[in-house]
Amino acid sequence: MVKVKLTDNYPGSMLVIDGVMLSLGDDYVDVEKSLELQHAVNSGYIEIYDDTKEVKTVDTVKEGNEVWVFAEQRNGRFARVGLEILGKARELAEKLGVKVGAVLLCEKDEGLSQELISLGADKVYVAETILLKNYETLRYTKIICDMITKEKPQIVIYGATHIGRDLAPRIAQRISTGLTADCTGLDIDEDGLLIQTRPAFGGNIMAQIKCPNHKPQMSTVRPGIMKMLDKQERNGVVVKVDVSISEDNRVKVLKVIKEAKRVANLEDAKIIVSGGRGVGSAENFRIIEELAKELGAEIGASRAVVDAGWVPKDHQVGQTGKTVRPKLYIACGISGAIQHRAGMQNSETIIAINKDPNAMIFSVADYGIVGDLNKVIPAMIEELKTSKTL
Ligand SMILES: Cc1cc2nc3c(=O)[nH]c(=O)nc-3n(C[C@H](O)[C@H](O)[C@H](O)COP(=O)(O)OP(=O)(O)OC[C@H]3O[C@@H](n4cnc5c(N)ncnc54)[C@H](O)[C@@H]3O)c2cc1C
């Protein structure tokens, strides 16, 4: 037996290992050593109890040395990941005994800074001008570098969005510090340094990276991993930042054209019908599409299917795909490997269709259908069509 607990790297809130349920936030529990446990440890989802580890507690909140979050917004709407990392920043700041700062660059702060305070910020640094109507790398870089140089935060976290991925490296270069991209976990070590966890070598290992010699320590974080806090009535300070940028910039946005691109929107889907290798072929994937159409669902897939080229990568659910929480997730011909379960286990209701009664997917399913999907799915489609005509 070993004592283990779920880490923040696990995208869900619950994981069953050999019949023992581990919930996020729970203390260590005893589980048998097994291959499945080893996979979960290697994936960074589970921490084994180490009695040599000393936990530091801090009870006074110091000024300065804050933990900052880049609160990305477009047209007055926040990117969700910015709000998710605000929740994580609170946890890190409490461990360090410092405040959480949010960095907001916008055309008009119409309630945006108050929203950030209600979601965990102690201070919001607001740069507000018509010149910040659209995102521009050079302007954003200059303003944030000036803020960092003046206020000296010890940690700055960005969402791994298109903007975050463009901005953070440029800032890191300007202020001569490091940057860990695409983190899936953040924590503080015994010396107060940021532990930045991210998949490496194609996701086969979880690397833990520290930046001890340069400040601030900076990371980008993948969307959907950290938990957003519930809104609360909180007090916070809004700090207006003097913006010394001119209109005379080397880059000018002439026009913003929204691309009408169809990408799978799995994160917001209420129903997902997902297909695995058991579907058999790219051609046979049409039965998954047909069932999804009948249910008004998005299409998901296992990595095996994406690797085989049956569906594009933006449909992949799991550790190296998307983390989803729909009301209904239907897994068809998916074995339920831990890397797949990591991305869908928190769905409200899970239905699994698999011809193998021992498939791991049944360990997380609310309803299991043991059978050939080529018979079960057409029967479901038929039933749905009939019920619509009644
Ligand atoms: C670092 C790393 C990261 C990974 N990331 C991901 C990830 O993000 N997402 C992911 O999905 N995987 C990921 N994987 C891969 C994962 O380990 C599995 O290999 C993959 O999920 C298997 O896909 P599958 O269930 O479709 O295929 P299989 O494991 O081959 O399962 C096929 C299932 O279909 C069933 N079946 C076959 N025929 C039928 C039929 N006619 N009717 C009903 N059932 C049938 C079989 O019983 C079987 O259970 C990752 C692996 C690694 C090492």
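1. Pro 216 sits in the loop that joins β15 (205-209) to β16 (217-221). Helices (H or I, at least four residues) and strands (E, at least two) are DSSP runs, numbered from the N terminus.

2. On the basis of the note: this is a predicted model, in which local features need pLDDT of at least 70 and side-chain atom pairs count only at pLDDT 80 or more, while totals for chains, interfaces and linings use all residues. Residues are numbered from 1 along each chain as its sequence is written.

3. β15 also belongs to an open sheet of 3 strands, ordered β13-β14-β15, with antiparallel pairing. Two strands count as paired if DSSP finds at least two bridges between them. At the edges are β13 (185-188) and β15, each of which pairs on one side only. On average, neighbouring strands of this sheet are turned by 25° against each other, direction ignored. Between β13 and β14 (residues 194-200) there are 4 bridges in the antiparallel sense. Leu 186 has Gln 196 of β14 opposite it.

4. The other sheet to look at is open and parallel, with 5 strands in the order β19-β18-β20-β21-β22. Its edge strands, β19 (298-301) and β22, have a single partner strand each, so one side of each is left without a neighbour in the sheet. Here neighbouring strands are turned by 15° against each other on average, direction ignored. β20 (residues 328-332) pairs with β21 in the parallel sense over 5 bridges, and Ile 330 has Ile 351 in β21 as its bridge partner.

5. Helix α6 (residues 286-295) lies across β18 (271-275), β19 and β20, and runs at about 175° to β18. Axes are lines fitted to C-alpha atoms, for helices over the stretch in contact, and angles run from 0 to 180 degrees between N-to-C directions. Two residues are in contact if their C-beta atoms, placed from the backbone, lie within 7 Å.

6. Helix α4 (residues 137-151) packs with α5 at an angle of about 50°, the axes being 10 Å apart. The two helices, α4 and α5, are therefore oblique to each other (angles under 35 degrees count as roughly parallel, over 145 as roughly antiparallel, 65 to 115 as roughly perpendicular and the rest as oblique). Residues of α4 that meet α5 include Thr 137, Tyr 140 and Ile 144, and those on the α5 side include Asp 166, Leu 167 and Arg 170. By class, this contact of α4 with α5 has 5 nonpolar, 2 polar and 3 charged residues. Ala, Val, Leu, Ile, Met, Phe, Trp, Tyr, Cys and Pro count as nonpolar, Asp, Glu, Lys and Arg as charged, and the others, Gly among them, as polar.

7. Two loop residues deserve a check of their backbone. Asn 75, between β7 (73-74) and β8 (77-78), has a positive phi of about 50° although it is not a glycine. Ser 176 lies in the loop between α5 (162-174) and β12 (180-183), and its phi is near 55°, again positive in a residue other than glycine. Asn 75 is exposed, with 9 other C-beta atoms within 10 Å, and Ser 176 counts as exposed with 8 C-beta neighbours inside 10 Å. A residue is buried if 20 or more other C-beta atoms lie within 10 Å of its own, exposed if 12 or fewer, and partly exposed in between; C-beta atoms are placed from the backbone.

8. Pro 357 is in the loop between β21 (349-354) and β22 (367-370). Pro 357 is exposed, with 9 other C-beta atoms within 10 Å.
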